[in-house]
Amino acid sequence: MFKAKILLIGPSESGKTVLANFLSDTTENVGGDYQPTQGVRILEFESQLEGSGDNKTCEVELWDCSGDFKFESCWPALMKDSSGVVIVLNPDVPSHLKEIETWHLMFISSQGLQESQCLLIAHHKPNCAVEDSRLPLASQLSRLSLIHSNLEEDPEDLRQAFCRYLGKVVNTLSESREREEMSIIT
């Protein structure tokens with residue numbers, strides 16, 4: 001069984017923790033008050049891979065990373081051995097579109113991750129004003145897969161999209177491992 005370390009990153013208050021809890025089927029006491037993540041939370045769960053042909057299962061470590069830049073000194077440790085990165089933004093907050101460019105630079109460009117290892121989630125909070133329209137993304141971000149999530153209206157669409165993303169990550173890791181093994185043999 002493959003093990004994938006996925007970093008969930010993005011601006012503060014974009015909905016990363018809510019998405020992490022949903023994807024991992026974790027429930028926490030919801031008091032309604034915003035509780036910012038301190039550093040990182042690591043959630044472990046198994047997930048079916050979509051697009052892998054024979055319904056493989058993947059062991060997932062989902063690293064729910066704080067959006068606070070005061071933890072920037074910890075980022076290299078968080079990035080170590082990561083298999084993929086999911087950037088979450090709240091499309092209702094215009095500054096998030098600019099801020100995710102920094103997240104992309106720090107977590108994706110610096111690691112040399114392939115586009116198949118990255119995902120962009122525009123997380124629509126309850127009663128949000130923005131529709132599932134095209135977001136004005138910077139050129140390096142527009143090449144990434146973008147999904148819109150709304151846990152009130154279509155939660156299973158998000159879960160299926162995440163499983164498809166995991167399938168791509170595992171395929172990329174598998175191909176990389178095979179190339180590495182072939183280079184050792186030859």
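Visitor: Good to know. What kind of model is this?

Guide: It is a predicted model, where local features need pLDDT of at least 70 and side-chain atom pairs count only at pLDDT 80 or more, while totals for chains, interfaces and linings use all residues. Residues are numbered from 1 along each chain as its sequence is written, and side-chain values use heavy atoms, with hydrogens and water left out.

Visitor: Why is D25 called exposed?

Guide: Exposed means over 50% relative accessible area, buried means under 20%, and partly exposed lies in between (1.4 Å probe, protein chains only). D25 has 59%, so it is exposed.

Visitor: What makes helix α1 mostly covered?

Guide: Six of the eight residues in α1 (residues 16-23) are buried: K16, L19, A20, N21, F22 and L23.

Visitor: How do you know that β2 and β3 pair?

Guide: Two strands pair if DSSP finds at least two bridges between them. Nine bridges join β2 to β3 (residues 57-65), so the two count as paired, and they run antiparallel. F45 stands opposite V60 in β3.

Visitor: Which residues of β2 form its covered face?

Guide: In β2 (residues 40-48), R41, L43, F45 and S47 form the covered face, and V40, I42, E44, E46 and Q48 the uncovered one. In a regular strand the side chains alternate between the two faces of the sheet.

Visitor: Stepping back, how many helices and strands does the protein chain have?

Guide: The protein chain has five helices and six strands, in the pattern β-α-β-β-α-β-α-β-α-β-α along the sequence.

Visitor: What makes the protein chain as compact as a globular protein of its length?

Guide: Its radius of gyration, taken over C-alpha atoms, is 16 Å. The globule rule (2.2 Å times the number of residues to the power 0.38) gives 16 Å for 186 residues, so the protein chain is as compact as a globular protein of that length.

Key. Helix = DSSP H or I, 4+ residues; strand = E, 2+ residues; numbered from the N terminus.
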